[in-house]
Amino acid sequence: MSDSRRGGTEPLGIDDLLDSVRAGFVRVGPQEAAAAAADGALLVDIRYVELRERDGLIPGALVVERNELEWRLDPRGSHRAPQAVSHDLRVVVVCNEGYASSLAVASLRQLGLHRATDLIGGFQAWRAAGLPVEV
């Protein structure tokens, strides 16, 4: 859309968009994510299959491809995962490096999953912290 049709505002760049969505929630580091999972939070791995095959999995994480995420985690959805039991569910979304997960969290929060957050640095930060990985 051109500037004139948008009322003269500049398009929002991806860095600004990330800053904007991240301002709406508190992100967690690897140790915090592990502790949250130990307390019952649902870790959700949205990385694509090639990355999971290359790098491994976080034990116990629910694997949901990014393009299915909203359908699988909406507690009212007809295609929800069995773990998606409540809008109060604590969810920590994990992507490869912590970018796509932030955008995914914004979408989940629009669905009412108000406790959704993401892992700073993604799977790579989890692995670098020496946390468990299944190959």
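Figure 1. With a relative accessible area of 15%, arginine 52 is buried (under 20% relative accessible area; over 50% is exposed, and partly exposed lies in between, with a 1.4 Å probe and protein chains only). The model is predicted, so local features need pLDDT of at least 70 and side-chain atom pairs count only at pLDDT 80 or more, while totals for chains, interfaces and linings use all residues. Residues are numbered from 1 along each chain as its sequence is written, and side-chain values use heavy atoms, with hydrogens and water left out. Arginine 52 is found in helix H3; helices (H or I, at least four residues) and strands (E, at least two) are DSSP runs, numbered from the N terminus. Setting aside residues up to four places away in sequence, arginine 52 touches Asp45, Arg47, Leu57, Val63 and Glu65, where a contact is heavy atoms within 4.5 Å. A polar atom of the arginine 52 side chain also lies 2.4 Å from the backbone oxygen of arginine 47.

**Figure 2. The salt bridge between glutamate 65 and arginine 52.** These two side chains, glutamate 65 and arginine 52, meet at 3.2 Å, N to O; a salt bridge is a side-chain nitrogen of Lys or Arg within 4 Å of a carboxyl oxygen of Asp or Glu. Glutamate 65 sits in the loop between strand S2 (62-63) and helix H4 (69-73), and arginine 52 in helix H3 (residues 49-55), so the pair ties together parts that are 13 residues apart in sequence.

Figure 3. By the same rule, the count comes to seven salt bridges. One of them pairs the side chains of arginine 47 and aspartate 45, at 2.6 Å, N to O. Arginine 47 is buried, with a relative accessible area of 2%, and aspartate 45 is buried too, at 1%. Another salt bridge links the side chains of arginine 54 and aspartate 55, at 2.8 Å, N to O. Here arginine 54 counts as exposed at 55% relative accessibility, whereas aspartate 55 counts as buried at 8%. Through shared partners, salt bridges join Arg54, Asp55 and Arg127 into one network.

**Figure 4. The largest nonpolar core.** This core has 19 residues, and those with the most contacts inside it are Val44, Ile46, Leu69, Leu73, Val91, Val93 and Leu108. A nonpolar core is a set of buried Ala, Val, Leu, Ile, Met, Phe, Trp, Tyr and Cys residues joined through side-chain atoms within 4.5 Å. At least two of its residues come from each of strand S1 (42-45), H4, strand S3 (91-94) and helix H5 (100-110). H5 gives the largest share, three residues. Apart from this core lies another, of 13 residues, among them Ala36, Ala41, Leu43 and Leu131. In soluble globular proteins, nonpolar side chains tend to be buried together.

**Figure 5. Valine 93 in strand S3.** Valine 93 has its place in strand S3 and is buried, with a relative accessible area of 0%. Leaving aside neighbours within four places in sequence, the contacts of valine 93 include Val44, Ile46, Ala104 and Leu108. For a distance to check in your viewer, the C-alpha atoms of valine 93 and alanine 61, 32 residues apart along the chain, are separated by 9.5 Å.

**Figure 6. Aspartate 118 and serine 101.** Aspartate 118 is found in strand S4 (residues 116-118) and is buried, with a relative accessible area of 0%. Its side chain makes a polar contact of 2.7 Å with the side chain of serine 101. A polar contact is a pair of N or O atoms within 3.5 Å; within protein, one must be able to donate a hydrogen and the other to accept it, and residues adjacent in sequence count only if both atoms are side-chain atoms. Beyond four places in sequence, aspartate 118 is in contact with residues including Phe25, Arg27, Val93 and Ser102.

**Figure 7. The buried residues of H5.** In H5, Ser101, Ser102, Ala104, Val105, Ser107 and Leu108 are buried. The cover over the buried residues of H5 includes H1, H4, S3 and S4. After H5 comes glycine 112, whose phi is positive, near 100°.
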